[in-house]
Amino acid sequence: MKKIKLIVIVFFVFFSCNTNEKEININNENTETISVEKAESNIKSKKLLAKNIEYIPLETTEESLFGNIDDLQIIDNLFFILDKRNSKGVFVFDKTGKFLYKIQRLGLGSGEYSKITDFKHNKITNELEIYDDGQQKIIIYNIKGEFIREINNKVNFYRFFPLDKNQRYYYTIFFKNKLKLNQDKEYRLFKIDNKSSNIIYNALSFNDDLTYQKILGLPQNFYSVYGDNAVLFYEAYNNHIYELKNDSISVKYKIDFVDSTIPDGFVESDIKSKIEYVNKNKFSFVHEILFENAEELTFNYTNGNLLAQFTYNKKSKKAHQYRSCYVENDNIRFRPSIYINKDASYSIIEPFEILRMEKESLSSPVKKIFGKLKETSNPVIVKMKR
């Protein structure tokens with residue numbers, strides 16, 4: 001669903017330095033290794049028998065039609081759907097799929113963006129934050145999509161995560177930035193106070209021996225840990241999952257894909273060669289962290305052209321993984337989740353997938369729901385209660 005797109009961005013930092021700046025070292029002392037054994041053979045035919053299913057067709061009108069789901073977030077029982085490239089906006093639907101409103105303010109003025117690079121919900125302020133790297137600013141809206149204010153960063157980055165009204169994590173994996181501290185190093189991860197424009201700390205130096213990570217256009221992201229004052233973070237082609245908490249960073253998990261693990265020091269001459277090399281050798285890497293609480297960690301990973309979901313029970317140390325979900329009574333199959341919270345997992349079914357299904361084999365309730373859909377309709381969200 002999420003398409004890979006190569007992006008080339010020069011990362012310039014103009015923040016003034018202060019005496020509180022510091023480099024944070026990574027703590028590896030309590031790292032837990034999670035083994036995903038024989039990844040490819042285990043997931044080729046595996047499916048999850050899904051139960052307690054609810055199908056939610058997203059209303060399709062001229063106003064609500066979007067092209068792609070680049071991100072799905074559920075806030076106050078509303079679906080917030082980001083479409084970066086086609087409609088270039090955030091579309092909001094209620095829990096039944098009824099369209100409510102959208103944020104689609106293209107332009108160069110106040111409250112407007114030229115493109116959407118990243119989108120986050122600030123849980124502390126209950127505000128929506130859109131990052132436009134073209135204008136180097138974060139645009140902040142209230143939960144109804146009304147413009148509030150802007151943060152002019154004077155900085156290009158790729159991902160960010162709001163901690164409160166002022167402090168945020170920023171990340172880049174593109175070109176080396178121009179920030180110089182007392183150490184002659186350049187960094188990928190920053191914690192910044194936007195009110196004072198001060199950099200609180202830096203981490204993940206480009207000088208570290210992690211050259212295989214340096215690839216553009218693949219997922220890197222932050223994820224909040226449910227019920228804990230911490231943030232999980234990962235990088236493309238690096239199977240470490242970091243925990244960012246207070247002013248410390250640790251490698252919380254190391255994902256071992258055994259024979260499918262990308263070798264340390266992996267480097268190729270150019271981006272295209274890197275992608276081809278990984279796919280040819282069917283190496284696995286973490287594609288998306290979806291959820292963590294006291295009981296489990298769930299993430300998606302890729303193996304060649306396969307996408308699988310892996311859930312690890314932290315208490316029993318047992319795990320299960322699957323490529324697709326299957327609703328036996330309805331004879332419906334769909335892909336792994338793209339969003340999980342404490343109550344449910346959420347996936348999608350595209351209209352073209354529905355139209356290709358054998359209508360005779362579908363249950364009557366499903367036929368009633370899917371019967372009105374066209375190939376140009378918005379997707380159907382599948383909610384699986386946990």
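Across the whole structure, a search finds 15 salt bridges, each being a side-chain nitrogen of Lys or Arg within 4 Å of a carboxyl oxygen of Asp or Glu. The model is predicted, so local features need pLDDT of at least 70 and side-chain atom pairs count only at pLDDT 80 or more, while totals for chains, interfaces and linings use all residues. Residues are numbered from 1 along each chain as its sequence is written, and side-chain values use heavy atoms, with hydrogens and water left out.

One of the salt bridges joins Glu129 and Arg168, at 2.9 Å from N to O. Glu129 belongs to strand 10 (residues 127–132) and Arg168 to strand 14 (residues 167–171), so the bridge ties together parts 39 residues apart in sequence. Glu129 is buried, at 0% relative accessible area, and Arg168 is buried with 0%; buried means under 20%, exposed over 50% and partly exposed in between (1.4 Å probe, protein chains only).

Another salt bridge pairs Lys252 with Glu243, their closest N and O atoms being 3.3 Å apart. Here Lys252 is partly exposed at 21%, whereas Glu243 is buried at 14%. A network of salt bridges links Glu243, Lys252, Glu292 and Lys314.

Aromatic rings provide a further set of contacts. The search finds 16 aromatic pairs in the whole structure; rings of Phe, Tyr and Trp (its six-membered ring) pair if their centres lie within 6.5 Å, and planes under 30 degrees apart count as stacked, over 60 as edge-to-face and the rest as tilted. Phe66 and Phe93 have ring centres 6.2 Å apart and planes at 65 degrees, so this pair is edge-to-face. Both residues, Phe66 and Phe93, are buried. Ring pairs join Phe66, Phe91, Phe93 and Phe99 into a cluster.

Note on methods. Helix = DSSP H or I, 4+ residues; strand = E, 2+ residues; numbered from the N terminus.
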